[in-house]
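Q: Please show me how the features of a model such as this one are to be read.

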Amino acid sequence: MELTAKHCTHCDQIHSHDKYHCPLCFSEELEERQLSGKGEVYSYTKIYAAPKQFADQAPFFVILVHLEEGLKVTARYSGEKVQIGEKVELESIVNRAYHFQPAMSKTAF
Ligand SMILES: [Zn+2]
């Protein structure tokens with residue numbers, strides 16, 4: 001279980017996985033980099049009417065996580081309730097979907 005992204009060795013920026021060149025400097029020298037899996041909730045929504053394959057799991061949260069490294073990823077959230085700015089960390093990756101949980105140590109800003 002690991003969260004990875006692409007790191008541009010030319011301009012030192014982190015980009016999401018689907019990039020084949022750096023959108024900032026257009027370098028193709030991207031290397032795989034492991035991320036901490038920690039971040040905070042940037043936005044969220046609660047899904048009541050889920051697609052058929054997830055219907056038995058509804059309602060559930062889908063959150064947008066602002067990772068420490070600066071990227072944002074969409075993920076499922078396993079907590080009971082969620083707030084904007086809440087600290088979260090990667091719990092698992094299931095069928096290429098990220099699942100986040102509340103961070104263990106809730107450090108203040
Ligand atoms: Zn770059």
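Q: How are the donor residues of the zinc ion spaced in sequence?
A: Donors are N, O and S atoms within 2.8 Å of the metal (3.2 Å for Na, K and Ca); water is not among the atoms, so sites may look incomplete. Here the donor residues follow the spacing C-x2-C-x10-C-x2-C. This is a predicted model, in which local features need pLDDT of at least 70 and side-chain atom pairs count only at pLDDT 80 or more, while totals for chains, interfaces and linings use all residues. Residues are numbered from 1 along each chain as its sequence is written, and side-chain values use heavy atoms, with hydrogens and water left out.

Q: Which atoms are the protein donors of the zinc ion, and what is the geometry of its site?
A: Four donors count as tetrahedral if all angles lie between 85 and 135 degrees. The SG atoms of Cys8, Cys11, Cys22 and Cys25 lie 2.3 Å from the zinc ion, and the angles of 105 to 116° among the four donor atoms make the site tetrahedral.

Q: Is Cys8 buried or exposed?
A: Buried means under 20% relative accessible area, exposed over 50%, and partly exposed in between (1.4 Å probe, protein chains only). Cys8 is buried because its relative accessibility is 0%, whereas Cys25, at 25%, is partly exposed.

Q: In what order do the three strands of the open sheet stand?
A: Strands are DSSP runs (E, at least two residues), numbered from the N terminus, and two of them pair if DSSP finds at least two bridges between them. The order is β2-β1-β3, with antiparallel pairing. Since β2 and β3 each have a single partner strand, they stand at the edges, and one side of each is left without a neighbour in the sheet. Between β1 and β2 there are two bridges; Lys6 has His15 in β2 as its bridge partner.

Q: How many aromatic pairs does a search of the whole structure find?
A: Rings of Phe, Tyr and Trp (its six-membered ring) pair if their centres lie within 6.5 Å; planes under 30 degrees apart count as stacked, over 60 as edge-to-face and the rest as tilted. The search finds three. One of them, Tyr44 with Phe61, is edge-to-face, at 5.9 Å centre to centre and 80° between the planes. Phe61 is buried at 9% relative accessibility. Phe61 also forms an edge-to-face pair with Tyr77, at 6.1 Å and 70°.

How values were computed
Tetrahedral: all angles 85-135°; square planar, octahedral: opposite > 155°, others 65-115°. Helix = DSSP H or I, 4+ residues; strand = E, 2+ residues; numbered from the N terminus.
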